[in-house]
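Subject: The structure for you to look through

Hi there,

Here is the structure I promised to pass on. Please open it beside this email, and my notes on it follow below.

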Amino acid sequence: MKKTEKKLPEGKYYYSIGEVADYFEVTPATLRHWETMFETISPRKNKKGDRMYNAQDVEAIRLVHFLVKESGYTLSGAVEHIRAKEKDAFDICVRKIAEH
């Protein structure tokens, strides 16, 4: 059976942690942990303290997810890879994701 392609709701500037976690099939705790390890993931927080992810945060999460969940990098390895080749890594991963 073919896996259904999930999509984030369109027309929104910010997404909740639940929406983003569901989209990437990870737990909210995983997203919170990634925030501590990757400077590029920095969601805003509303007055209640709820995380609100914008498109830039989602793209940073997409890169981390690709490296860790699909390419087999450890978190430390992904941090090093991103630091060493931040722009190049992003472009390569976007192309590979687009090929899927």
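Predicted model: local features only at pLDDT ≥ 70, side-chain atom pairs only at ≥ 80, totals over all residues.

Residues are numbered from 1 along each chain as its sequence is written, and side-chain values use heavy atoms, with hydrogens and water left out.

Let me start with Lys6, in the segment before strand 1 (15-16). Helices (H or I, at least four residues) and strands (E, at least two) are DSSP runs, numbered from the N terminus. Leaving aside its neighbours within four places in sequence, Lys6 is in contact with Asp22, Tyr23 and Glu25. Lys6 has a relative accessible area of 31%, so it counts as partly exposed; buried means under 20%, exposed over 50%, and partly exposed in between (1.4 Å probe, protein chains only).

Glu25, one of those partners of Lys6, is found in the loop between helix 1 and helix 2. What is the phi of Glu25? It is near 55 degrees, a positive value in a residue other than glycine. For background, most residues other than glycine have a negative phi.

Next, the helix pairs. Axes are lines fitted to C-alpha atoms, for helices over the stretch in contact, and angles run from 0 to 180 degrees between N-to-C directions. Helix 1 and helix 3 have axes 11 Å apart and pack at an angle of about 35 degrees. Val20, Tyr23 and Phe24 of helix 1 make the contact with Val58, Ile61, Arg62 and His65 of helix 3. By class, five of these residues are nonpolar, one is polar and one is charged (Ala, Val, Leu, Ile, Met, Phe, Trp, Tyr, Cys and Pro count as nonpolar, Asp, Glu, Lys and Arg as charged, and the others, Gly among them, as polar).

Helix 2 (residues 28-37) and helix 4 (residues 75-84) also have axes 11 Å apart, at an angle of about 45 degrees. They are therefore oblique to each other (under 35 degrees counts as roughly parallel, over 145 as roughly antiparallel, 65 to 115 as roughly perpendicular and the rest as oblique). His33, Trp34 and Met37 of helix 2 meet Leu75, Ser76 and Val79 of helix 4, giving four nonpolar, two polar and no charged residues.

Which residues touch the most other members of the largest nonpolar core? Of its 25 residues, they are Val20, Leu31, Trp34, Phe38, Ile41, Tyr53 and Ile61. Such a core is a set of buried Ala, Val, Leu, Ile, Met, Phe, Trp, Tyr and Cys residues joined through side-chain atoms within 4.5 Å. Helix 3 gives the most to this core, with eight residues.

Finally, have a look at Glu35 in helix 2. Is Glu35 buried or exposed? At 19% relative accessibility, Glu35 counts as buried. Beyond its neighbours within four places in sequence, Glu35 is in contact with Ile41, Pro43, Arg51 and Tyr53. Ile41, with those neighbours left aside too, has contacts that include Trp34, Asp57 and Val64.

Methods: Contact = heavy atoms within 4.5 Å.
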